[in-house]
Amino acid sequence: MTIDSSYSHYFTTHDGAQLHYLDVGEGPPLLMLPTWNISCQVFQYQLEALSQQYRMIALDMRGHGLSAKIDYGYKVHRFAKDLDELIQYLQLREITLLGHNFGATVICCYLELFDVSPISKLIFIDRAAVPMMNPLWTQTEIQRYGPSSDPKTIDQLCHQITTSQDDHFMHIFFNTMVNRVAKDEHKQLVLKCSDTLPKKAAAALLYDAFYQDWRSLFPKITLPTLIIGGRASLISASSQIWTSQQIPNAKLVIFEEHEGGKHFPFVENATYFNQVIDSFIQLS
């Protein structure tokens with residue numbers, strides 16, 4: 001699917017950032033946030049299939065995709081403010097908020113800082129409770145919280161991002177997040193949508209994202225919530241199970257490896273993923 005240009009829109013935040021978003025379909029709004037360094041066109045299979053019954057909105061977060069490549073504001077709290085401003089700009093109500101990994105981090109921050117009355121449901125995809133490893137944690141705590149890196153590794157990764165001379169490193173990085181047997185078209189979609197941030201901004205945002213900890217927020221979430229994980233993902237399935245147990249009455253779906261259960265289930269197994277999303281919105 002090629003995204004029709006008529007679906008493409010822009011708005012300007014209060015600090016002067018011009019942000020791009022896609023808006024297609026009619027019905028209850030489903031607002032989607034992609035992960036770090038990925039453009040919102042990665043949701044093309046959802047935009048195509050679900051726009052028959054929902055108003056599908058996907059945001060290119062600050063510096064991502066077709067949004068302005070500004071040199072400021074690359075902090076999780078600023079991204080949460082951008083989300084709030086988009087919701088106010090579009091005057092949305094009864095929203096289902098969907099966040100993939102870093103997008104879910106932004107939503108967690110939004111829930112803590114802003115009026116959540118426009119939100120009716122939440123969907124978190126493959127997001128660790130705490131991305132950064134604490135060397136004092138027991139093995140049980142590691143399994144619960146799902147950290148995927150440690151401070152030294154993140155420091156090295158951020159340095160590598162800022163000093164790389166081309167897109168090759170980031171393409172390798174994102175290629176590890178799809179299954180080996182994934183279809184070429186799915187791999188190409190992820191790669192096409194990746195590495196959209198300026199390199200210094202990408203490193204700064206990644207560093208900030210890895211030091212976020214929302215464990216204390218989860219028990220306070222009262223909105224219907226769906227947690228989606230992948231059995232073969234770098235973000236452990238055990239951490240998705242634990243997160244779902246902390247949020248009152250949350251629902252949990254784990255995609256098995258043969259079901260596209262790595263980091264991009266909505267790309268690798270869009271038909272099943274869309275069914276899961278639709279069922280959750282309709283029934284909760």
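Predicted model: local features only at pLDDT ≥ 70, side-chain atom pairs only at ≥ 80, totals over all residues.
**Strand β5 and its neighbours**

Six bridges join β5 to strand β6, residues 119-125, and the two run parallel. That pairing is where I want to start.

T96 has K121 as its bridge partner in β6.

Now the other neighbour. Strand β3 covers residues 29-33, and four bridges join it to β5. Those two strands also run parallel. Here M32 stands opposite L98 of β5.

So how buried is β5, residues 95-100? Six of its six residues are buried, so the strand is largely enclosed by the rest of the structure. Look at the side chains. I95, L97 and G99 point one way. T96, L98 and H100 point the other way. All of them are buried.

Let me step back to the whole chain. It has eleven helices and eight strands. Of its 284 residues, 58% are buried. What about overall dimensions? The C-alpha trace spans about 45 × 45 × 40 Å along its principal axes. A compact globule with 284 residues would have a radius of gyration near 19 Å; this chain has 17 Å, which agrees.

Contacts next. Take those with a separation of 6 or more: 74% of them come from residues 24 or more positions apart.

Last, the surface and the charges. The chain exposes about 12300 Å², and carbon and sulfur atoms supply 50% of that. There are 22 positive and 29 negative side chains. The centres of the two sets lie 4 Å apart.

Note on methods: Residues numbered from 1 in each chain as written. Heavy atoms only, no water. Rg over C-alpha atoms; globule rule 2.2 N^0.38 Å. Buried < 20%, exposed > 50% of the residue type's maximum accessible area, 1.4 Å probe, protein only. Contact = heavy atoms within 4.5 Å. Areas by Shrake-Rupley, 256 points an atom, 1.4 Å probe, with all protein chains shown as cover. Lys, Arg positive; Asp, Glu negative; His and termini not counted. Charge placed at Lys NZ, Arg CZ, Asp CG, Glu CD. Pairing = 2+ DSSP bridges.
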